[in-house]
Amino acid sequence: TQVVALVRFCSEAQQLALEYADGSMAVYVSTQRDSLLAVLVDSIRKESKRDVPVLPAPTEAGARLDPAADSTLQADPENESLQLRHLTTTAREVRERMEEFGRRHCAEIMLAQLLEFNACIPYVGVSPDAKLKDDVLEMLVTMLPTEGEKRPTDKVAQGTIVALQALRRLVGSRNITNAVVLLPTFLDRLFAALASGDE
C-alpha cells in the first residue's frame, strides 16, 4: 500500500508512524526516530518521484474527503474549489468574531479547518491557477510565530506546522505564491517559525 504521510509525533520523542492510502497506519518506536524519518522521506522521494508530508499528529479519521487520493496528482477541481471556499469562509468568520470568541478559540477553529484542508488537498498543492484573497492569506500567516517568541508548546508547534503545510500546498498556485510573498510580515514570520527552537 502506498505511503501518503509520515507522522513525527510532537508529544512522543521516539514515536513515528506511516499513514497509507487505504487509511491504515503503522506506528513505530525508535531511539533514532529523526534519522529514520529522513531515510523514509528520501526513500519515498526516490522510489515514487514525489514528496510526502511529515505531520505532527496522525490525520483524524474522516478528515480526508478522498482517502484514496494519490499524492502525485493535483486535487480534484471540485474538491479544491470546495476546500478553498471553506478556508475563505472560516478565515473571514474567525477575523470577524475574534473579539467575541477570543484568540485561543479562533486559533482552534482555524487549526481544525487547516487540518481538513491539508487532509483533502494533495501534498503537491493546489492547481497553478488557483486564487485566494489576501485577507485569507494574512490570517494564515498570523498563525506563524513572530520573532522573539518563547519556545512554543507542543500544541502551538503543531499549529505552526499545520499552517506551514497549508502554505506549502497553497503555493502550488502562481497567483497565491505571488500574493503570499508580497505580504509584509510573511518572510519575518516564516524565518521566525524556522528559528523557533522547536524540532
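Helices α2 (residues 77-96) and α4 (residues 103-120) have axes that come within 10 Å and cross at roughly 170°. That makes α2 roughly antiparallel to α4, a label for angles over 145 degrees. Bear in mind that this is a predicted model, where local features need pLDDT of at least 70, side-chain atom pairs count only at pLDDT 80 or more, and totals for chains, interfaces and linings use all residues. Numbering starts from 1 along each chain as its sequence is written, and side-chain values use heavy atoms, with hydrogens and water left out.

**Where α2 meets α4**
- On the α2 side, the contacts (heavy atoms within 4.5 Å) involve Asn 79, Gln 83, Leu 84, His 86, Leu 87, Thr 90, Ala 91 and Val 94.
- Their partners in α4 are Cys 106, Ile 109, Met 110, Gln 113, Leu 114, Glu 116, Phe 117 and Cys 120.
- Sorted by class, this contact has 10 nonpolar, five polar and one charged residues.

**Helix α1**
- Helix α1 (residues 33-48) has 16 residues and spans 22 Å from its first C-alpha to its last, close to the 22 Å expected at 1.5 Å a residue; the expected figure is 1.5 Å times one less than the number of residues.
- Arg 33, Leu 37, Val 41 and Ile 44 of α1 are buried, meaning under 20% relative accessible area with a 1.4 Å probe, protein chains only.
- Looking down the axis, the buried residues of α1 fall within an arc of 75°, so they line one face of the helix.
- The cover over them includes β1 (3-8), β2 (15-20) and β4 (54-55).
- Over on the other side of α1, Lys 46 and Glu 47 are exposed, which is over 50%.
- Just after α1, Lys 49 takes a positive phi of about 55°.

Key:
Axes fitted to C-alpha atoms, helices over the stretch in contact; angles between N-to-C directions. Helix = DSSP H or I, 4+ residues; strand = E, 2+ residues; numbered from the N terminus. Parallel < 35°, antiparallel > 145°, perpendicular 65-115°, else oblique. Nonpolar A, V, L, I, M, F, W, Y, C, P; charged D, E, K, R; others polar. Arc of directions from axis to C-beta.
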